[in-house]
Amino acid sequence: MHKFTDRRASLSLLRRHVLAALVAGAGTVAFSPAVFAMAPKDTLVIGKPADPQTLDPAITIDNNDWTVTYPAYQRLMRYKQVDGKGSTEVEGDLAQSWKASPDNLTWTFKLRPGQKFADGATVDANAVKFSFDRLMKLKQGPSEAFPPHLQVTAVDPMTVQFKMEEPFAPFLYTLANDGASIVNPDVAKRGGDIKAYLSGHTAGSGPYRLVSWQKGQSLTLEPNPHYGGSHKPHLRKVVVKIVPEASSRRLQLQKGDLDVAEELPVDQLAALKKAPGVKVAEFPSLRVTYLYLNNKKGPLANVHLRRAVVDAIDYKGIIDGIMLKQARQTRGPIPQGMWGYDANLPMPAQNLKKAKEELAASGEGHPTLVLRYSTQDPNWEPIALTAQANLAAIGVKVKLEKLANATLRENLDKGNFDISVGNWSPDFADPYMFTSYWFDSSKGGLAGNRSFYSNPQVDTWLRKAATLSDQSQRVALYTKVQEQVTRDAAYVYLYQKNYQAGMRKDVKGFVFNPMLERVFNVADMTK
Amino acid sequence: MSWLPIVKKRLFSLVLVVIGVSLITFVISHLIPGDPARLIAGERATPAIVAHIRHQLGLDLPLYEQYWHYLVRLAHGDLGMSIRTHRPVLQDIRAFFPATLELALVALFLATLIGIPLGVLSAVYRNKTVDQVVRTISVTGISTPAFWLGLGLIVVFYGRLGWFPGGGRLDQGLAPPADITGFYLVDSLLTGNIPVFFNALKHIVLPAFTLGFVHLGIVARQIRSAMLEQLGEDYVRTARAFGLSRMTVVVHHALPNALIPSITVLGLALGDLLYGAVLTETVFGWPGMGAYVVESIQALDFPAVMGFAVVVSFVYVLLNLVIDLLYRWIDPRITGVS
Amino acid sequence: MAGVSVLVQGSWRDTLSRFAYQLKKSPMTMLGLGIIVVVLAAVAGAGWLAPYDPNQIGLVHRLAPPSAQHWFGTDEVGRDIFSRVLFGGRQSVGVGLFVAFASSIVGSAAGCFSGVMGGRVDSIVMRAMDVVLSVPSLVLTMALAAALGPSLFNAMLAITIVRIPFYVRLARGQTLGIREMAYVKAARTFGATRRHIVSWHIARNALSPIIVQTTLDIGNAILMAAALGFIGLGAQQPTAEWGAMVATGRNYLLDQWWYTVFPGFAILITAMGFNLLGDGVRDMLDPRLKVK
C-alpha cells in the first residue's frame, strides 16, 4: 500500500491547492462588477437567432444571410426611400442612367463613377459582367429571379449591356436583389475556391465590409474605407451576435447587451413594449401567410370542398388571438402595399353555414384531410390547431402532422399533402411574385404554385402580363386573374404580417423596406 | 511492453468501428426523407437548378458509389464538404469541437469536485442524515432535464440577478485568445490574457453547471458505492485497529482504491456529457458541436452528420483505450488479455 | 462473480417478504414508490381527473396565469395546461416504461444467448454491439427518429434500439460469469440441456443487475423522450407531451413562466420517483453493498 499512500498524499495535497484556487477564482468572478458590455455609442449590436449560412450573394437565398451581405455589397439599383419610409420603387445605385431597347430585350446601363470596392479597386463594367456571369453559371437559388440565358457584355469600362430572350417586365426591380450584388472580380486572382472564400468573406463595394466572423458567436462589420456612395456610414462598428434562445435575446435587449433583437415571438414583443429603454419597431410588410390546398390530388381537388375550407376558417380569431392584431387580413393573393392589390375582392370571413353548404355540394361526405406543417414559423402550429378545430366544426376531420422543415418541403414539392401552411415574401417588387409564382401551372411545387393550381386561361393572362411594359394593362390582367382564382378557392389567404423588431430607444435612423426584411440600413443608423 | 498487444488489438477495432459507424450513419442519414439539394437551391428554384446542384454534390450517383467515394476520402483524412456551411467538415469540427470539449471538461471537473466529497461523506455516514441529503441531491441531479434547468438558470442568474452572462463564450467586445488549443480558458492563460480568462470563465459557469449537475449525481453515487465496497474490506478494519484516524483511512487509503473502478465511469461520463451538451448548447447559445449536429441533421447535411459521428466514435474508442491503459498502469494486478 | 445474488436460494415468497422489509427500512425508496404510485394513478386516471379536454383550444383566454379555473394556466392557444400535463404523462411515462422494458428484454435475451453460445457467434455479436455503442447515441437517436418520421412511436423505437447494446453487454457478462460457476457445471454433468441451463439457472441469477438497470433506465428513458420532444421529434400535435411543452414554453418563458415550469417539473418528479425506486432496488439486490 506504500505506493498508494505516497501518491495519494500528493494527490490530496493537490486537491487542496485546487480547491483553494477555485475559491479564489470564484470570489473574483462573483465579486467583479457585472461588466456587461453595453456597447459604445458608435457600435450597433444586432442579435440574431442563427448564424448566417453563407455570405456568397450568388448562393444565399436566406434573409438571415442578407443582414450581413446587403450592406457589404452594392447593386445596380436600390430601393427608394419616400417620406422616410422604404418604398418598393427603385432608383440607381451603381447605375447612373439606363435605357431599354424598343423591344425590351436589351438594357444598357451607364455606371456611376467613383465607386470603389473595399480593397480600393474601381467598380467597372467588368465587375458587373463578372458578377452576373458567375451568378448565372452557378445556377443556384438567386439566379432564378433573372431571365434565363441572360447575356452580359461590358461595352466600355463604364457601360454594361444586358440581353435577354424574352421581355421581362420586372427586370429593373430584380437588379436590387441581394443576388444582383456586384462582386469584386479580384477574388478570382486570389487562387483557390472562390465559393469557399465568398461564403465566409465579403468582397463588395457597399458601405460596410466583414472584418471577422466567429462561427456561431458573432460577426463584425466595419466601414468600407473606399466607399463612394451616398449613404456614408455613421457607425464605426456593427456587430451581429448569435443568440439562439428567444428569451435570452429578449433579456439581452432589455439589459442593453443588444441594441436590436430580431425574430422575437409576438408575445415577447407585446411584453417588450412596456419595458423601459426599449421600443418595438413595427411596420406593415409584404410577408403573407396562407394555406395551400392541394388542387391536384386528394379530396381538395373538388372546388366545393376548397370553398368549404375557405369559409370555415376563423380569420378574426387567428389575427386577434395568434397574431395579437400584428397582422392585416389579406383579401387576395396580392397584399396591400403592392400595386395590383384589388380592394374590390371580398374579404374572407368565417361563415360556418355557407361552409356546410359547400361541403354538402361537394358530395365528399365527411372527408379526413392531412395537414402537414413544420415549426419553421412559430405561428404555424397555432394556425394548424385552429384550422383543425374550425374544420371539425363543419364535420371535416383534420389530421395534423408536424414534420422537420426539410421533410415538409420535400412533401410540398411532391404534392404529398392536403393542406399546408406557408409564408411568402416577394424577391422583387412586382405583383408577378404573387401571381405567376402562385398560379402558373408550370411552377407547380415548391417553386411557387404550391397548390398545384392549373387553369389554362389564367396561364395565358399571367404569361402575357409578364411581358407587357404598360402597367395599367398589367393591372387589368392581374385583376382578372385574382377574381378567377378567388372563385376557384386555390388558396386560403390569411394575413400579411407586421414586421417587428425590438430595439433600444436610442437607436435612430432605421428605415424599414418591405422588400428587405431582416436587412438593416446600418449605414444610416446611429445611436 | 505488455501493452503492445492490447494497443494493436484496439487499433484494429478502431478501424472496424470507424467503418461501421460511417456505414450506419450513411444509411440512416440517407433514410431521412428530404433533399439537401432542394434546401440549398431554395424554395423558388426551378427543377433544373435543383438537378444542377444535386449533380454538383454528387447526390445523383447510386448510393453504394457515394459511400465508396466517401470511404476513399476518409482514408485520406478528408471528411468532405459540409453542404450547409460550404466548408470542409473537418474544418467545421475543428472550429466547434473545442468549445464542446471545454464545456464538457469543465462540467466534469465541477461534477467530480463536488461529487467526490459528497460521495465519500455519503458512504462514511451511511444511512444518516448526511447520506439522505446527498442521495436526494444525486437523484435530483440525474432526474432533472438539462434544458429545463438551463432555462431556469438563465432567467434567475442572468435575468433577475445579473451575476452571469446569458449566453455565448465571451462578451462581444472582447477578441478571443489566440487559437492554440481552442479552449478559451487555456489559451487565454497561455497568452497571459487575464481579463479574457475571467470573462470566459464567467460565461462558462452557468452552462457547465447545468451540464454538470446531472453528473454530480452520477459521480456521487458511483463514489458512494465504490467507497462502501472498500470500507467493508479487511484492510480498512486493520488500519483502524492500528490506530489510524478515520480521516486518514478514508481519504488516504479507501478513496484511492475506490477511485480506480470509478475511472471508467468518469471516462464514460465524458461521453454522456457530450450527449447532454447538445441541448445545453442550444439553450445557452454555446457554439459547439451539439448545436452544429442538430442543425446538420435538420438541414440534411449528410457529410457533416457522418463526419461528426466518425470523429466522435474515433475519439470514444481512443478514450476507452487510454482509460484501459491507465487502469492497467494504476493497478498492476490487472494483466493479461481483455 | 458479481451479481450472483439473493435469488439463488429460496423461493419467490421469501424474496418478496425480504423486499418489503428492506423497503420499510429505506424512506427514500418508499418516497420513490409513493411518487410513482401517485404519478401513475394521475396519468391513468387522466380521463376523470382532467377538468378540460386537453386539446380544447380557446383563443380568447390564451396564456392565462394559474388560477382557480386553470390550475396550471393555459398555453398559447388557450388549452388547459393541467389537463395537458395529466394526459401528456401517458406519452412520457408510457415511453419510459416501454423503452426500459423493451430494450431490457430484447437486449438481455440476445446477451444471454450470445454468452451461452460462445465462440464465433459471441464474438460477432459483441463486435456489432461495440460498433453500435460507439456511434454517438445522440446522433443515432436523432437520425433514426428523423429517418423514421417524427412520431412518438418512432422516438420510442429509436431510443430502444440505442439502449439494447447495454443490456446485451450486461446480460452477456452475467452469463459468462455464471456459466463458469460450479453448480452450472454440475448441472451439465447431470445431462441438463443447454436450453435448460439458460432458462433456469442463468436467467434467474443474471436477473438482479438487469432488474436494477431496467428500473434505473426508466427515469433515463423519460428524460430522453423529453429531450427528443424538445427537439421536435416526439409526439406530434395536438397530443400533449412534456418535453414538447417545455420546448414551446421556451418562447414564453419570461412572462408566462407556468408554461415551462409545470411540465418540466412533472418530468423531474417522475424521473426522480423512478430513480429513487431504482436506487432502492439496487441497494437491496446488490450483494456488494452488504457491509460485513
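What follows is a conversation about aromatic rings and charges over them in a predicted model.

Visitor: How many aromatic pairs does the structure hold over all chains?

Guide: Over all chains, the structure holds 38 aromatic pairs.

Visitor: Why is the pair of Phe283(A) and Phe512(A) called stacked?

Guide: The ring centres of Phe283(A) and Phe512(A) are 5.3 Å apart, which is within the 6.5 Å required of a pair, and their planes stand at 15 degrees; because planes under 30 degrees apart count as stacked, the pair is stacked. This pair links distant parts of the chain, with Phe283(A) in strand S12 and Phe512(A) in the segment after strand S17, 229 residues apart.

Visitor: What makes Phe512(A) buried or exposed?

Guide: Phe512(A) has a relative accessible area of 6%, and because buried means under 20%, Phe512(A) is buried. Phe283(A), by contrast, has 23%, which falls between 20% and 50%, so Phe283(A) is partly exposed.

Visitor: Why is the pair of Trp257(C) and Trp258(C) called edge-to-face?

Guide: The centres of these two rings lie 5.8 Å apart, with the planes at 80 degrees; since planes over 60 degrees apart count as edge-to-face, the pair of Trp257(C) and Trp258(C) is edge-to-face. Trp257(C) is partly exposed at 42% relative accessibility, whereas Trp258(C), at 6%, is buried.

Visitor: Where does Arg75(A) lie, and where is the charged end of Arg169(B)?

Guide: Arg75(A) lies over the face of Tyr70(A), at 3.5 Å from the ring centre, while the charged end of Arg169(B) sits over the ring of Tyr184(B), 3.7 Å from its centre.

Notes
Residues numbered from 1 in each chain as written. Chains lettered and ligands numbered in written order. Predicted model: local features only at pLDDT ≥ 70, side-chain atom pairs only at ≥ 80, totals over all residues. Heavy atoms only, no water. Phe/Tyr/Trp six-rings, centres within 6.5 Å; stacked < 30°, edge-to-face > 60°. Helix = DSSP H or I, 4+ residues; strand = E, 2+ residues; numbered from the N terminus. Buried < 20%, exposed > 50% of the residue type's maximum accessible area, 1.4 Å probe, protein only. Lys NZ or Arg CZ within 6 Å of the ring centre and 35° of its normal.
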